[in-house]
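Hello,

Here is the structure I promised to pass on to you. Please have a look at it first, and then read my notes below.

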2 protein chains.
Amino acid sequence: MKKLLLIYTLLIGSFMLYVYNVHFKETPPNPWETGGLQGEITETYVMVTFQAGMDFWKNTLKGFEDAAQLLNVSIEYRGATQYDVNEQITVLEQVIAKNPAGIAITAINPTDLTDTINKAVDAGIPVVLFDAGAEGSKASALISTDNYKAGAKAAHKMAELLQEKGEVAVVTNPNQLNHQERTAGFIDTISTDYQSMKLVTVEDGMGDRLAAREATNVILNNHPELEGIFVTEANGGIGVGEALRLSQRIGDLKVISFDTDKGTLDMIEEGLIDATIAQGAWNMGYWSLNFLFHLQHDLTQQQVNDIPGIAPLPTFVDTGVTIVTKENVQYYYAH
Amino acid sequence: MKKLLLIYTLLIGSFMLYVYNVHFKETPPNPWETGGLQGEITETYVMVTFQAGMDFWKNTLKGFEDAAQLLNVSIEYRGATQYDVNEQITVLEQVIAKNPAGIAITAINPTDLTDTINKAVDAGIPVVLFDAGAEGSKASALISTDNYKAGAKAAHKMAELLQEKGEVAVVTNPNQLNHQERTAGFIDTISTDYQSMKLVTVEDGMGDRLAAREATNVILNNHPELEGIFVTEANGGIGVGEALRLSQRIGDLKVISFDTDKGTLDMIEEGLIDATIAQGAWNMGYWSLNFLFHLQHDLTQQQVNDIPGIAPLPTFVDTGVTIVTKENVQYYYAH
């Protein structure tokens with residue numbers, strides 16, 4: 001009787017161990033068979049930035065985190081603390097050494113990260129780029145703002161603010177691709193769609209508050225009829241606003257800036273800046289993780305169609321922009 | 001004793017009923033709490049096309065189906081059988097009347113579907129566009145080829161085939177937006193990047209085999225030095241190939257066509273067409289369903305950030321293109 005009990009206990013024990021193994025220890029189930037997109041909490045995806053403390057990354061990271069929560073995977077945030085190419089390369093190399101489930105990276109400039117990114121891809125690590133691309137890289141996708149379209153949207157808003165007539169100027173960073181594209185989108189749209197508007201000058205604000213303030217003073221002197229300024233980045237926007245305040249021309253000119261830093265939002269409340277272009281930062285982070293998950297789990301066109309050289313994922317995602325004005329500025333302070 | 005047994009049975013029965021309800025009958029669990037993207041098989045998403053039997057839609061539908069399988073939801077395929085605006089509007093209205101979980105639609109032209117699409121959005125049905133957009137529509141996203149970039153890629157391939165020198169021509173449909181963009185991308189790239197190449201003419205192939213054949217004969221007569229032709233769609237590509245065969249100039253000129261219809265692939269094997277541009281049709285369908293699922297389940301930027309007017313999803317997705325030549329043509333027959 002005792003022997004029988006022992007046998008039963010062993011049998012039941014083995015069965016429970018079997019059930020435990022099947023349910024909790026096996027490799028993740030094949031989603032093509034079971035349905036449902038869900039990873040393992042041990043899968044770690046890493047977001048890599050530069051100037052890691054910047055406001056803008058907070059929203060991208062929130063999107064990355066939210067996607068991770070939905071897919072039941074883990075994330076880490078790493079970044080160069082400074083605006084320093086070599087520091088970002090070092091950070092990326094450290095991340096690669098840990099062989100993560102995927103890397104979402106924004107490149108400090110279009111050229112210098114490419115080799116290191118390709119090292120990650122060659123090591124079999126899924127990589128996507130967000131916000132700023134790397135020319136010639138093997139990353140599977142770029143998830144970013146279409147800056148040409150964003151500039152065009154700024155032009156339409158400027159036309160609305162000026163009743164489609166008058167002189168306008170641009171303050172930008174002429175050496176950065178993103179800013180060249182924003183400027184081109186603005187200029188092309190003004191010249192194509194608004195016959196009674198005229199672009200009078202494009203000035204270098206150097207991505208700097210003081211430089212942009214100086215540039216604005218020069219523009220105001222040379223073009224007394226000027227009615228609007230489009231600034232392609234946030235520091236310059238603050239500089240333009242300050243120039244208008246100092247020259248006591250608040251509300252006299254229309255200003256459209258870029259991004260939603262607190263300084264910009266404050267100037268919108270104050271009436272120094274009329275509108276700013278908000279990027280889809282949360283979507284950049286969210287879809288970066290979602291895409292990396294698809295690569296890690298082989299849920300891609302490449303896998304399904306089995307064609308050598310075919311793009312596994314969409315190559316470019318435009319996360320779009322929203323126009324922020326006095327009417328909706330309050331919603332952007334919280335983010 | 002019997003009474004006690006009855007009570008126990010009732011208690012155990014109620015408990016089991018409770019467990020059953022909790023596990024199997026409740027509304028889908030909130031993925032923000034439970035993790036995992038998984039829908040209900042009763043959720044039905046609909047793909048709506050025109051010329052529903054066209055080869056190209058087979059791959060988009062496969063992507064749509066594959067995404068549905070992964071997310072454990074259901075799909076339907078509906079389309080106008082003909083190239084007929086009113087028929088597509090009627091089909092879309094019938095689909096809206098059934099209040100599906102989401103609609104992915106490709107618009108037969110950029111204007112005539114917009115009102116009906118907006119009717120769907122206003123009725124609370126998630127809508128995304130794929131392949132061809134609808135101007136001014138309230139659809140949340142367009143998932144398509146960036147046709148300008150596709151034209152630029154064709155230009156780089158043409159330059160490679162011609163060792164970056166010689167006269168080239170384009171055969172296109174000048175009245176369709178997609179084709180204007182492909183042409184512009186090709187022309188701009190040739191003139192900017194390849195100084196020793198020259199565009200000599202752009203002709204109307206009318207999306208028709210015979211018309212493109214005629215156009216090619218005219219081009220060949222007028223430009224005896226011509227070395228390459230880019231055709232922006234598949235019927236025209238066949239026409240160009242036929243013109244070269246009839247004029248016995250096979251292999252003499254380089255031809256780049258668009259899409260991967262069987263006729264085009266056959267001409268690549270035969271050497272009449274040197275390359276064709278394959279679109280990411282599977283990705284168009286896959287990400288259409290994935291995006292609709294996110295809208296249906298409120299897993300979007302709009303939901304998370306709670307900002308009025310903010311784009312819930314990325315506004316544009318470029319699914320990218322792949323170049324098909326004799327080297328990889330065999331992989332495209334199966335798809």
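A word on accessibility to begin with: a residue is called buried under 20% relative accessible area, exposed over 50%, and partly exposed in between, using a 1.4 Å probe and protein chains only. By that scale A:Asp266 is partly exposed, with a relative accessible area of 31%.

Now the ground rules. This is a predicted model, in which local features need pLDDT of at least 70 and side-chain atom pairs count only at pLDDT 80 or more, while totals for chains, interfaces and linings use all residues; side-chain values use heavy atoms, with hydrogens and water left out. Residues are numbered from 1 along each chain as its sequence is written, and chains are lettered from A and ligands numbered from 1 in the order in which they are written.

Let me start with the salt bridges (a side-chain nitrogen of Lys or Arg within 4 Å of a carboxyl oxygen of Asp or Glu). Over all chains, the structure holds 24 of them. One joins A:Asp266 to A:Lys262, at 2.8 Å from N to O. Both residues lie in helix H10 of chain A, four residues apart, about one turn of the helix. Helices (H or I, at least four residues) and strands (E, at least two) are DSSP runs, numbered from the N terminus.

Another salt bridge pairs A:Lys254 with A:Asp274, and their closest N and O atoms are 4.0 Å apart. This pair links distant parts of the chain, 20 residues apart: A:Lys254 is in strand E9 (residues 254-258) of chain A, and A:Asp274 is in the loop between helix H10 (262-270) and strand E10 (275-279) of chain A. A:Lys254 counts as partly exposed, at 23% relative accessibility. In chain B, the side chains of B:Lys254 and B:Asp274 also meet in a salt bridge (4.0 Å, N to O). Here B:Lys254 lies in strand E9 and B:Asp274 in the loop between H10 and strand E10, so the pair ties together parts that are 20 residues apart in sequence. There is a network too, linking A:Arg209, A:Arg213 and A:Glu242.

How do the two chains relate? Chain A can be laid on chain B with an RMSD of 0.2 Å by a turn of 180° and a shift of 0.1 Å along the axis (superposed by least squares on the C-alpha atoms of residues with pLDDT of at least 70 in both). The two copies are thus related as by a two-fold rotation axis. They meet through the same surface, because 100% of the interface residues of chain A are also interface residues in chain B.

A:Thr114 is found in helix H5 (residues 114-122) and is buried, with a relative accessible area of 8%. Leaving aside neighbours within four places in sequence, A:Thr114 is in contact (heavy atoms within 4.5 Å) with A:Ala134, A:Glu135, A:Gly136 and A:Ser137. A:Val202, in strand E7 (residues 197-204), counts as partly exposed at 38% relative accessibility. With neighbours within four places in sequence again left aside, A:Val202 is in contact with A:Val170, A:Thr172, A:Thr183 and A:Ile187. The C-alpha atoms of A:Val202 and A:Ile219, 17 residues apart along the chain, are separated by 9.1 Å.

Best wishes
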